[in-house]
Structure formats: C-alpha cells, structure tokens
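User: I want to go through the labels on this structure one by one. For each, give me the value, the cut-off and the conclusion.

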Amino acid sequence: MRDSGHREEDTYVYKRDVPAEVAPERQSALQPHGGTLRGKNRASKNLRLNLLIGGLIALLAVCVILAAVLPGCQETTPMARAAAPAPTSATSVAPSSSDVVAGTVLPQTPDAGQAYVDETLFLGDSNTARLLEYSNVTGLTPETCIGVEGMGIQSVIGNTLVSFEGMAYACSLPDAVAVLQPRRVVVTFGTNNIGGYTADAFTDAYETVLDDIRRAYPSVDIIVGAVPPVAGYCSYVKLEMALIDEYNAALENMAKRQGCKFLNWTEVLLDPETGFCKDGYTVGDGLHISEDGARVMMRYFRTHSYITEDDRPQPLAYIPARLELPKQQPSPYSNPIIDAGGWNWQGDQQPGSSSQPAFSQEPEPQSQPESQPQSQSQPEEPQQPEEPGSAPAPEPTDPPADEQTPVADPPAEAGGEGTDA
C-alpha cells in the first residue's frame, strides 16, 4: 500500500466504501483521500449535533431555574421599585391610618405619641383652655392650643382674639389656623351653647366655622371633639346630660356630612353607671375638667389617632409665637335670648345671677350704672345726679367754679369697680 501521507487505520476503516470493481490503483487513490474526507465530515456533524443538544439542555435548565427564582425577586426589579411607594419621611409618627378609619367615629389605634400631639392644634372653649393649663400632663403649648373662656360656636368667626408676635392685628380662630399651619385641628365647642340653641341651629353655626377653617387653611384635617360630660353636681343647672348627649349625636352626624372625624372622648370621661362624668375628672363646679380629666382626654386623643398624608405646603412658613389671649369682648353673634334671661352663651355665669356677661373682666364697658352716662353727657349740669334731693337743689350752684368736680367723681367710683373682675 502506498504511503499517501495518511494513517493506515483511516484508509482501512473506509476500504469497504470503495466498490470492488474499481481498479486497485483507483482504490488506492480513493481510499486515502475520499475515505478520510468523509470521516472528517461525519465527525464534524456529530460534534455540532452534540453541541446543539448540550446547548438546548443548558437553556432548558436556565429556564427552569428562572421560573423558580423569578417570583421571589419581582419586588426587587427596577419596575417593582419604581411602583413601590416612597418611604415615609422622618417626621411621620405612624403609618397612615386613613385607610383604616373608614367611618366617622375614630376607633382605637396604637398610641401615636407626642409627635402626633405636636402636629395638632386644639380650638375650643374653657375646657380646651384647661388642656393648656395642664400642659404638664397634656404636652400642649400656646402654639398647639387656643381655648377661649366662655366662647360659643356662634362667636368663633366674629371675634379677632388671637395675637401673634410681630403681627399688627389680632385674628380670628380660623385665621389663626392658617398662621400656625397644623397638620390637623381638633375643634370642641358646645358647652356654652347648651340651653339656648337647638341642636340643628348649633350644628348649622358649627358647619360655618368648619367651612371658614377650610377656607383659611385647606390642607388641615378637621376632627370634631365631643362636648365633655358634666358631673352629677354641676353649678350650671342648664347643662343637662340629656342635652349634651343630643348635641354630641348632632355633632357626629354633622362630622359625617362634612367629611370630618369625630373624637368621642366622652367614652373615657363618662361613668356608665351614673351617666355623669367620673369622679375626679372635673373641678368643684362639676363642669370644667381637672388635671386628671385632661390627662385621660389627651391619652384618648393619642390612642384614637387620625393620620393622613401630609399635604401641607413645604417648607412650612415661619410660625410666630402666640401672645397672651386677651379677654373676650361681647360679640354681635351672642344670643340675646340667653343673655336676657341671665344665662349667657359664655356659660361662666350661674342662672339667676346678674345678667352682666361674665366674659368681660374689664370694668369700663360693664360696671358703670345707667345714670353715669347721663352725667357724663351733660357735664354742665352737675345737679341732675342729685335729683332725688329736690330741696337742696340750689346747693350745687354755690361753687360754680367747681363744675368739674362732679364730673371727676364717677371715674373715681369706676376705679373701685375693679373688684368685680
């Protein structure tokens, strides 16, 4: 066999493929070349087939692995991260409870803490003022609590009582909300309206106040506080628990209409056995809350929280310090029916006593007798105040140079009237 440069085993393997009738020299020419090329082609095809099969198996294995792992990793994909809600800011005190609080009455929640209190403004009457008075247990400050002694709901808009440092003019309670920019406001009025307003008239005036608060600061959440109960003995006999219950039922319905929340802290103040405020939660008059009452009210507020998304404009504007609240003055919104009967809407006067409204502690507008304006309007006739003694009428004319003396006497008497405050 000729040496054709190929291995003999290659030639031998493919000898059977050469037809027998081909000449030997032809066989020797075909065996080393043709046989070797066919062997290489077949080996190449086998290799490609093996690679293809191996690739398919590997691809199948990868698909199986991805199918098993991918569902657990969906939250970490870029699309999932983009759809995920942004983390809450560091100032948030708790997750939003707006989805949980579907009804009007606030249910019990985990304690929202002092940060929840710091983001809230309390508006109300004398009992709200006592929440600030007991700040050692409530944690309130002048910038988070504005209570006006003797204020009724009808007087909220008509009085500009709140002053701030650096502001030239005092503002009303709704406008004070815009200055202080709280996240939420708790409005609690009603004690000074009971006995003179029907529940419907009371809530009508209440809704006007809530609308004005929204006008002043649309970003604020509004919570309506229940009128606190009174004790079994209450020096203000007009404040009957049946009327308070009627007011609170009307307030709950009003809050539902207004889309507000109702804070029913009566639950923690009321003794279910007696139907009155629990012992120790009011002071001696049976109306105003005590320090213990303020403590449980604030704890109830924190554990019945209402936290929504904070949509206040950021950053907040500068919040000035609140100055001392001046004494309330008579309002054109006062109730003449109650005032005429000795029971005024301020609620700080016992029925049957003088009809002088107790909210005014300044002697000038109230304590002067009716005869004084006559003497002041006619200073040239000092003898008129002494008309009861008609006989000695000529005596005041003896010292005509002293005509100023009778005019000076009434102010001296008015100065002594400071004891009425």
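Analyst: Start with the rings. This is a predicted model. Tyr-116, Phe-122 and Phe-301 are joined into a cluster by ring pairs. Across the structure there are four aromatic pairs.

User: Why is the pair of Phe-122 and Phe-301 called edge-to-face?

Analyst: Two values describe a pair of aromatic rings: the distance of the centres and the angle of the planes. For Phe-122 and Phe-301 the centres are 5.0 Å apart. Rings pair if their centres lie within 6.5 Å, so Phe-122 and Phe-301 qualify as a pair. Their planes stand at 70°. Planes over 60 degrees apart count as edge-to-face, so that label applies to Phe-122 and Phe-301.

User: What makes this a link between distant parts of the chain?

Analyst: Phe-122 belongs to strand 1 (residues 120–124), and Phe-301 to helix 11 (residues 291–302). The two are 179 residues apart.

User: Are these two residues buried or exposed, Phe-122 and Phe-301?

Analyst: Buried means under 20% relative accessible area. Phe-122 has 1%, so it counts as buried. Phe-301 has 0%, so Phe-301 counts as buried.

User: Which residues make the contact?

Analyst: Helix 7 contributes Pro-174, Asp-175, Val-177 and Ala-178. Helix 8 contributes Asp-212, Ile-213, Arg-215 and Ala-216. By class, five of the contact residues are nonpolar, three are charged and none is polar.

User: How do you know whether Gln-181 counts as buried or exposed?

Analyst: Compare its relative accessibility with the 20% limit for buried. Gln-181 has 8%, so it counts as buried.

User: Which peptide bond is cis, and where does its proline lie?

Analyst: The bond from Gln-314 to Pro-315 is cis, with omega near -5°. Pro-315 is in the loop between helix 11 and helix 12 (336–340). Helix 11 is also the helix that holds Phe-301.

How values were computed:
Residues numbered from 1 in each chain as written. Predicted model: local features only at pLDDT ≥ 70, side-chain atom pairs only at ≥ 80, totals over all residues. Heavy atoms only, no water. Contact = heavy atoms within 4.5 Å. Helix = DSSP H or I, 4+ residues; strand = E, 2+ residues; numbered from the N terminus. Nonpolar A, V, L, I, M, F, W, Y, C, P; charged D, E, K, R; others polar. Phe/Tyr/Trp six-rings, centres within 6.5 Å; stacked < 30°, edge-to-face > 60°. Buried < 20%, exposed > 50% of the residue type's maximum accessible area, 1.4 Å probe, protein only.
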